[in-house]
Structures are given as C-alpha cells and as structure tokens.
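Subject: Structure for you to look at

Hello,

Here is the structure I promised to pass on. Please open it next to this message. My notes follow below it.

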Amino acid sequence: MTSTFHGLEVGKRSLYTQQTALTTTGNNISNANTPGYSRQRVDMQATSSITYPYQTGSSSSQLGTGVSVESIERVRSEYLDSQYRERNGQFGSESTKLETLQQIEEMTREPGNGLSASFDRFFSAWEDLASNPDSLAARAVLVERSEELLSQGKTLNDGLASLSKSLNDQMAAVNDQITAISSQIDRLNKEIALKPEANELKDRRDLLMDEMSGLNAQNTGKLEGLKQSLSEVDHFQSDLNEVFNQLINGSGMINLMTSGFSLVKDANGTMQQGKAMFDTSGTGGTFLETVSVNQEVKANPATLAASSTNSAISNGDIATTISDLKNETLSFDVANSNVNAEASVSDFYGMLISKIGAKSQASERSVESHQAVLKSIDQNRMSVSGVSLDEEMSNLIQFQHAYNAAARYVSTTDELLDVIINRMGV
C-alpha cells in the first residue's frame, strides 16, 4: 500500500529535478563566452515505480514515483574533437613552414633586386674588362660589381643564419610549452580520477589538448613545422654557399687570375703578376664568411690580373675566360647530399629560387585548405558543444513551466493532506 505522503515525495523530486535543470541552464548562459566551455545537460530519469494493488480484486499495477537527476553531462563529440586536433596539428605545421618559406623569399629579393641581377652585372663587368683590359675605369666598375655580389651573398647568408637561430629558439620555446601543458594535463587527469563528475576540469583538459594539438600532435603541429623549416633554411644556406664556392673555387677563377698579369709594371717596364679578385683566407663556418674582395685589388684595381701576357698591351684573355663562366656548366653538391647537379651558376641559383617559390605556393594552398577544413570542423564542434543562447532561453522557459507545475502539484497535494489530517473527523 502506498504512503499517504507519496504525492508529496513525487512533487519534491520534481521540484529538485527541475530546479537542477534551471540552474544548469543558468550555468550554460553564464559561460556562453567562456573559452573551452562545453554546454551541460541534465540527464533526467524516472525513478523506480512501486507496486500499487487495486482495492478490488487481486490485480495490481506499478505506480510512478517521480523523476530524479542521474547526471549532469557535458555535450561533447569525441569524434569531432579528434578530427579538430588532427587538422589543427597539420595546420600548425604547414603554417609554420609557410611563414619560413615566405621569409626566405623576402630575403632573396627575387625577382629583380636579388643575386640573379648581381650575377648578371658581375659577368657583364668582366665582359667590359675583356673588351678594355687596360681600362682602369672598367676595372673599378668590376671591383664595385664584385663587392656588390659578395655583399648581397653575405647579407643573405647572415639572414639565413639568423633565421636558423630564430627557428632553434622557437623550437626550444615550443618544447617548453609542450612540457608545461603536459604537466597541466597530467595534474588535471589526477584530479578528474578523484572527481570524475567534474565537468569544468574536463573542459580545461580539453582546452589544453586543443592547444597541444597545434604544437605537437602525431608528428605534426608547430614543432614538426619548425623542424622542417630549419631543414629548409639549412639546405638553402648550404646551396647558397655552394654557388659562391663553385663560382670562385670550382671554376678555377682564382687560379686563372693569379696566373695572369696586371697593369702594374716593375722597374724594367714589365707587367707584374696580377692579383685575384677574391681572397678566401678568412675564417667562418660557411664559405661566404671566409671570402672577401682582395684589399689590394680594392685599393688599386690596376693590380687585378686580366691578361694572359705581360706584353706592353694587355690581351684580356683571362677576363674573357672568366666572363664565359656565366654559361659554363659546373658541378654543384646539392644540400651537402653528395648528389651533384650540373648547371651554370645562374641556372643553379635560379633553380634554388624556383624551388623555394614552388614550395611556398604549395604550402600556401595547403594552409588555406587546412584552415577551411579546420574552420568547418570547429563550427560543427561548436554546434554540438557550444552554448546557443536561443536554445538556452527556450530551455529556461520549459524548465520554469515544469517547476511551476511541480510547485502547483505540491500545493494541491498539501491541500488534500490538510483535508485528511485536519478536517476529517476521527
């Protein structure tokens, strides 16, 4: 037989449950703009019914006992979270590579104002000297063109070295971030293990996992992008130095010049042996750091060797041979790989610029693709876990009505009990 106060218990449970739903809705509204917050939902379930015997006959039925809150759950899609983090990692990696490739492009100043134009001016100056081997003016111009070429090469080399250092510094910083975030996630996991129902802790963990995915996730992320970027910079810098090494050493340019004669005469009026345009006796970690324009030639362009004879009139043979190097095929060790490429100096450098440009364009397209997909996934994710104020306002009205109805039911039950207890005679 049911208790006299069964109705009050049913009403009480309803009031508690609807009040919990109202409070949860209010919490959702309060956190509508909180980063990483997942909207919460009250899981209501009917409480166990009790046997209710009929007053006539032996048959009985089941009488409901109301409703209770089973749990307050986060509304979250693990599948969309997984998709988002995977794509976020790819976006982080590719965007980092794109930024580096664009920086290299800016440093090269191609087309128009980079080394390609300086190479052309350098070889043109040798052609002019070959036509006018006794001209001091042609020699002075050649010295200026040589300094310009070497200066641009050094500037680019220094820029690449600085970029390489910056990438290494960024890798160290990202590793520190990963360590810090991993520590926070580990701490949250321990707290969640002790309090599994703590939705706020889970939200904070998911937000950290989102951040981690952009840094390092399944061999992608910013960290991997930095590693690949560093490789690109190192390879380009190696190839740049190989261009100048082959131009100056591989072509035999220095040997040619030191075997020739200058415009400077000795006491007997004989042309003296000339000086090379470049001095490679410097120190440094790269070839471009070791090479400079010969100070003697810079101070007196007449000392430059341009002729193969020490006769009274220079023939400009050496200058002609060096000017022809513009189209001569040399052997370049590509990125210190022991794999050689056969090309002229200008063609090999042009190939380097083209490769960087092509990689940059491909990376840009990849970034745009990842960004579009990432945005779409995030929108889908937010449609599941994000707070919709319109939806919450609708829920607020729904739960308010349910609460008011439960309160009305309790009042009615109370009136019935009052009649039974206080107004009926014994």
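**The loop between α2 and α3**

R109 is partly exposed, with a relative accessible area of 46%. This residue is found in the loop between α2 and α3. Look at its backbone too: phi of R109 is near 55°, a positive value in a residue other than glycine. Please keep in mind throughout that this is a predicted model.

**Salt bridges**

How many salt bridges does the structure hold? The count is 23. As background, side chains of opposite charge can pair when their charged atoms come close.

*E9 and R13.* Their side chains meet in a salt bridge, 3.2 Å from N to O. Both residues lie in helix α1, which covers residues 6-30. They are four residues apart, about one turn of the helix. E9 is partly exposed, at 29% relative accessible area. R13 is partly exposed as well, at 26%.

*K165 and D169.* This is a salt bridge with its closest N and O atoms 3.0 Å apart. Which helix holds the pair? Both are in helix α4. Because K165 and D169 are four residues apart there, about one helical turn separates them. K165 is exposed, with a relative accessible area of 54%. The cut-off for exposed is over 50%, so D169, at 43%, counts as partly exposed.

*K298 and E147.* Here the side chains meet in a salt bridge of 2.8 Å, N to O. K298 lies in helix α9 (residues 295-299) and E147 in helix α4 (residues 136-194), so the pair ties together parts that are 151 residues apart in sequence. K298 is partly exposed, with 40% relative accessible area. E147 is partly exposed at 22%. Buried means under 20%, so E147 does not count as buried.

**The network around D81**

Which residues are linked in a network of salt bridges? The members are R74, R76, D81, R85, D203, D206, D210, D378 and R381. Take D81 as your way in. D81 lies in helix α2, residues 78-108. Is D81 buried or exposed? It is buried, with a relative accessible area of 4%. A polar contact of 3.0 Å also joins the side chains of D81 and R381.

Y79 lies in helix α2 too. Y79 is exposed, with a relative accessible area of 58%. Now compare its position with that of R381.

**V345 in helix α11**

V345 lies in helix α11, which covers residues 345-385. At 0% relative accessibility, V345 is buried. How far apart are V345 and L330 in space? The C-alpha to C-alpha distance is 7.2 Å. Along the sequence, V345 and L330 are 15 residues apart.

**Surface patches**

One is negative. It is formed by E127, D128, D324 and E328. E127 sits in helix α3, residues 115-131. The relative accessibility of E127 is 39%, so this residue counts as partly exposed. Patch residues need over 30% relative accessible area and no salt bridge. E127 passes the area cut-off because its value is 39%.

The other is nonpolar. F5, I420 and I421 make this patch, which covers about 300 Å². Where is F5? F5 lies in the segment before α1. F5 counts as partly exposed, with 45% relative accessibility.

**Where to start**

I would begin with D81, which is buried at 4% relative accessible area. From there, go to R381 through the 3.0 Å polar contact. Finish with the nonpolar patch of F5, I420 and I421.

Best wishes

Methods. Residues numbered from 1 in each chain as written. Predicted model: local features only at pLDDT ≥ 70, side-chain atom pairs only at ≥ 80, totals over all residues. Heavy atoms only, no water. Salt bridge = Lys/Arg side-chain N within 4 Å of Asp/Glu carboxyl O. Helix = DSSP H or I, 4+ residues; strand = E, 2+ residues; numbered from the N terminus. Buried < 20%, exposed > 50% of the residue type's maximum accessible area, 1.4 Å probe, protein only. Patch = residues over 30% accessible without salt bridge, like charges linked within 9 Å, V, L, I, M, F, W, Y side chains within 5 Å. Areas by Shrake-Rupley, 256 points an atom, 1.4 Å probe, with all protein chains shown as cover. Lys, Arg positive; Asp, Glu negative; His and termini not counted. Charge placed at Lys NZ, Arg CZ, Asp CG, Glu CD. Polar contact = N/O pair within 3.5 Å; in protein donor to acceptor, adjacent residues only side chain to side chain.
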